[in-house]
Amino acid sequence: MLLSTVNDAGFPILSLLVFLPLAGAASLAILPRRHDALYHGVGIFTSGMVLALSAIIMFNFDSDWRYKLGGSGFQFADPPDGGARWLPGGITYQVAVDGFSVVLVALTALLVFLALIFSFGSITLRVREYVALMLVLETGALGVFVALDLFLFFVFWEATLVPMFLLIGIWGGGGKVYASFKFALYTLVGSALMLVAIVAMTHLSGSRSFHYFDLLAAVPVAGFAPGLAMAFFVAFALAFAVKVPLFPLHTWLPFAHVEAPTAGSVILAGVLLKMGTYGFVRFAIPLFPDAARTAVPWAMGLAIAGIIYGSLVAFAQHDIKRLVAYSSVSHLGIVMVGVFAMNVEGWSGGVLQMVNHGLTTGALFLLVGMLYDRAHTREIAAFGGLWVHMPRFSAIFLVVMFASIGLPGTNGFVGEWLSLLGAFQVGAVYGVLAALGVVLGAAYMLWMYQRVFFGPAGEMSAGMRDLDGRELVVLAPILVLIFWIGIAPSFFLEPIEVAGSAWIDLVAGAAEFANAR
């Protein structure tokens with residue numbers, strides 16, 4: 001199947017983007033021992049090059065360009081003239097981006113770059129291995145967002161598991177072993193279900209290829225019985241729901257967040273959780289639209305349960321990082337509400353909110369990590385009156401907090417508004433209950449901020465130094481994007497809306513074809 005591309009020179013920029021971090025990780029093996037600054041430098045330089053490539057792709061992405069059969073304007077395809085045979089059995093290699101994936105690629109590149117800059121001042125144990133794992137993790141995550149072969153997608157999906165497992169298990173906190181194994185077990189069970197579904201679906205549909213567009217064409221023709229289609233959808237959905245994580249499959253997340261090193265928490269929240277929500281938008285819903293529509297009440301119900309549950313549990317936390325971890329469960333519930341609204345507003349809001357959550361929650365984990373590096377505690381009761389001692393830190397935390405709770409003028413408002421608008425189109429009850437989570441989110445974040453920054457001075461507050469230059473450099477790009485997306489979101493929304501409109505049409509067309517049979 002032919003895929004046109006806007007990079008007329010045919011330069012494989014996406015393949016370079018995906019595998020450059022892997023090359024950087026391999027290069028660390030030949031460097032001399034005990035040169036930690038050099039290892040950090042290689043990681044920052046490599047991830048910086050990836051960020052530059054992602055910026056080139058983002059700024060050259062043509063939001064008005066469509067591919068009439070693919071439906072949503074895939075661009076920068078490599079190879080451009082169809083998938084290259086990789087393994088026997090119709091398994092091919094091809095990567096490309098559309099309006100959904102291009103923004104997630106840029107988000108991944110930015111957060112890995114910032115996480116590695118932050119790590120320069122906080123990671124001193126086994127630095128070479130740490131940087132290598134971060135770069136391998138980046139290759140896996142980028143591959144997930146650009147793969148156009150389902151088997152290739154699965155390989156990249158699995159490639160993120162081992163690096164994150166080791167990052168938590170080696171550089172994590174006191175409960176790191178439990179947290180890392182729980183993360184691995186949950187993810188492996190979901191991945192096994194997805195692999196079985198991919199192989200069975202390909203075989204039963206009569207497709208001789210694992211290529212995404214070939215399967216999109218073959219599945220409606222195969223006319224799976226409703227029960228079988230639902231079984232396939234559930235297998236995909238469980239794998240993606242674990243990664244989101246969707247309530248009640250969320251129990252691994254707080255442990256992983258709390259025990260992971262700061263940079264690991266940033267990548268986990270900002271990138272890996274988005275793989276789950278992206279999987280619903282890209283695979284589970286388009287491949288099985290009728291089953292997805294049948295599952296809307298269940299998916300919406302679980303998402304709203306997660307929104308409210310995450311907010312209420314966050315209220316009960318005494319550890320700032322654990323509070324932010326439970327806020328992720330709530331915020332990603334908003335994303336899922338938008339996705340399962342299955343309309344342009346909902347999908348646009350859901351995908352944009354994936355980016356917004358990655359920026360704001362990633363920034364919150366960075367800020368909590370900066371605080372922990374100074375005080376070696378994250379207990380809310382240990383602080384108080386920080387505004388007096390750390391004015392820059394306090395002001396930036398305030399901006400990020402307002403973005404997290406969706407204050408107008410910040411990025412969080414745009415994504416939440418569109419997601420809720422999509423939910424209201426499905427049913428007013430869904431919209432009202434989801435909006436309740438927004439109110440609760442504002443309450444627990446403001447409660448925490450008041451105690452840490454304006455409450456009575458705690459034992460750790462006196463003598464705390466404010467942010468240094470490196471930390472300001474890490475936070476500055478996120479602050480710019482918070483206001484850019486909040487005030488002028490069209491640059492990011494246009495490609496998302498074009499893709500959303502096209503995929504809604506594709507899903508509707510597939511459902512009509514299946515019903516006509």
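Visitor: Which way do strand 2 and strand 3 run, and how many bridges join them?
Guide: Strand 2 (residues 84–87) and strand 3 (residues 91–93) run antiparallel, joined by three bridges. Strands here are DSSP runs of E, at least two residues, numbered from the N terminus, and two strands pair if DSSP finds at least two bridges between them. This is a predicted model, where local features need pLDDT of at least 70, side-chain atom pairs count only at pLDDT 80 or more, and totals for chains, interfaces and linings use all residues. Residues are numbered from 1 along each chain as its sequence is written, and side-chain values use heavy atoms, leaving out hydrogens and water.

Visitor: What stands opposite Leu-87?
Guide: That's Ile-91 in strand 3. The two strands form a hairpin with three residues between them, and Gly-89 in the turn has a positive phi of about 90°.

Visitor: New topic: how many aromatic pairs are there?
Guide: The count is 35. Rings of Phe, Tyr and Trp (its six-membered ring) pair if their centres lie within 6.5 Å; planes under 30 degrees apart are stacked, over 60 edge-to-face, and the rest tilted. Tyr-212 and Phe-213 make a tilted pair, 5.6 Å centre to centre with 45° between the planes.

Visitor: Are those two buried or exposed?
Guide: Both Tyr-212 and Phe-213 are buried. Buried means under 20% relative accessible area, exposed over 50%, and partly exposed in between (1.4 Å probe, protein chains only).

Visitor: Which charged end sits over the ring of Trp-157?
Guide: The one of Lys-243, 5.1 Å from the ring centre. The rule wants NZ of Lys or CZ of Arg within 6 Å of the ring centre and within 35 degrees of the ring normal.

Note on methods: Helices (H or I, at least four residues) and strands (E, at least two) are DSSP runs, numbered from the N terminus.
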